[in-house]
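Hi everyone, and thanks for coming. I'd like to walk you through a structure that may be new to you, so please have a look at it first.

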Amino acid sequence: MSESRVALVTGSAQGIGFAISIRLAEDGFDVSISDLPSQRQKLEALAEQIRAKGRRALVAIADVTSEKEVDDMVAETKSKLGSVDVLVANAGIAILAPLLETTTEMATKVLLTNVQGTLLCYKAAARVMIEQKRGGRIIGACSIAGKKGDWLYGIYSASKFSVRGLTQVAAREWGRYGITVNCYAPGFTDTAMLHSMEKVADSYVRGQKPGTYVKKVIRQSSLQRLGKPEDIARVVSFLASKDSSYVTGQSLVVDGGTWFD
């Protein structure tokens, strides 16, 4: 059994997942980083940054919508790094559209990744943690859209409400094994995903100038700024730490004071 603590982070090639991976390496974790095959080059570059911090890194390619690939990803992490102590199920996608324009294809794509993908990752990690008999931390990616629905966010919001539900049930079922299950709920964070969402939102308002959407969400924040991926990573760092041992079943909002729970 490895003496090192090992974290597995999905959707880690960029944005919030990238920042989480770096932060956990700084916290002393060896890190298994995962994303789609198209992201391998970015993952290899991230792995080098983790190794430069004196930690081990494993590139574990997987599509989280595939049960076999998720199970293989977790098994490879345990086999090559020695354990799975923390899982961060960060992988997710967003498709924005009014409900009347939301197709079954859109809904299926979002729900497969954000809900089924999270469930598969939770289950695979929990099985290993139970076998290890020393507890663990399971952490999912929610959103303020999982706290409150809003215009254009229909299917994305539904998927993130589901992540909250899965997290609460998993916390109840696996607490007896010393496993805590929580999720982080970012607000508007300066990532490539946000800027792709911005283009869609701006396109639905006739005559609206590019950038109007982001300016609007900044005004909604008490801190009057977008979040940074590192802001989210700090909260994940806490949830992955021993200091969070009495916190479970929660979705922690990290949004600069936009939505008060």
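**A walk from one buried threonine**

Let's start with Thr167, which is buried, because its relative accessible area is 1%. Buried here means under 20% relative accessible area, exposed means over 50%, and partly exposed is in between, using a 1.4 Å probe and protein chains only. Before we go on, please keep in mind that this is a predicted model, in which local features need pLDDT of at least 70 and side-chain atom pairs count only at pLDDT 80 or more, while totals for chains, interfaces and linings use all residues. Residues are numbered from 1 along each chain as its sequence is written, and side-chain values use heavy atoms, with hydrogens and water left out.

Where does Thr167 sit? Its place is in helix H5, residues 154–174. Helices (H or I, at least four residues) and strands (E, at least two) are DSSP runs, numbered from the N terminus. Leaving aside neighbours within four places in sequence, Thr167 is in contact with Tyr122, Val181, Asn182, Cys183, Gly249 and Gln250; contact means heavy atoms within 4.5 Å.

Now for the sheet. In which order do the strands come? Seven strands form an open sheet in the order E3-E2-E1-E4-E5-E6-E7, and the pairing is parallel. At the edges stand E3 and strand E7 (251–254), each with a single partner strand, so one side of each has no neighbour in the sheet. On average, neighbouring strands of this sheet are turned by 15 degrees against each other, direction ignored. Axes are lines fitted to C-alpha atoms, for helices over the stretch in contact, and angles run from 0 to 180 degrees between N-to-C directions. Two strands pair if DSSP finds at least two bridges between them. As background, strands of a sheet pair through backbone hydrogen bonds, either parallel or antiparallel.

Let's follow strand E4, residues 86–89. Strand E1 (residues 6–10) runs parallel to E4, and three bridges join them; there, Ala7 has Val86 as its bridge partner. E4 also pairs in the parallel sense with strand E5 (residues 136–141), over four bridges. In E5, Val86 is partnered by Arg137 and Leu87 by Ile138. Both faces of E4 are covered, with Val86 and Val88 buried on one side and Leu87 and Ala89 buried on the other.

What about E5? Six of the six residues of E5 are buried, so this strand is largely enclosed by the rest of the structure. Gly136, Ile138 and Gly140 point one way, and Arg137, Ile139 and Ala141 point the other way. E5 pairs in the parallel sense with strand E6 (residues 179–186) over six bridges, and Ile138 stands opposite Val181 in E6.

E4, helix H4 (residues 104–132) and E5 make a right-handed β-α-β unit, and so do E5, H5 and E6. Right-handed means that, with the strands pointing away from the viewer, the path from the first strand over the helix to the second runs clockwise. Helix H1 lies across E1, E2, E4 and E6, running at about 170 degrees to E1.

Next, the core. A nonpolar core is a set of buried Ala, Val, Leu, Ile, Met, Phe, Trp, Tyr and Cys residues joined through side-chain atoms within 4.5 Å. The largest has 30 residues, and Ile20, Leu24, Val88 and Tyr184 have the most contacts inside it. A second, separate core of 29 residues includes Ala126, Met129, Val163 and Ile179.

One last stop: Ser83, in the loop between helix H3 (67–81) and E4. Is Ser83 buried or exposed? Ser83 counts as buried because its relative accessibility is 1%. Which side chains does it meet in polar contacts? The side chain of Ser83 joins that of Asp85 in a polar contact of 2.8 Å, and that of Arg134 in another at 3.3 Å. A polar contact is a pair of N or O atoms within 3.5 Å; within protein, one must be able to donate a hydrogen and the other to accept it, and residues adjacent in sequence count only if both atoms are side-chain atoms.
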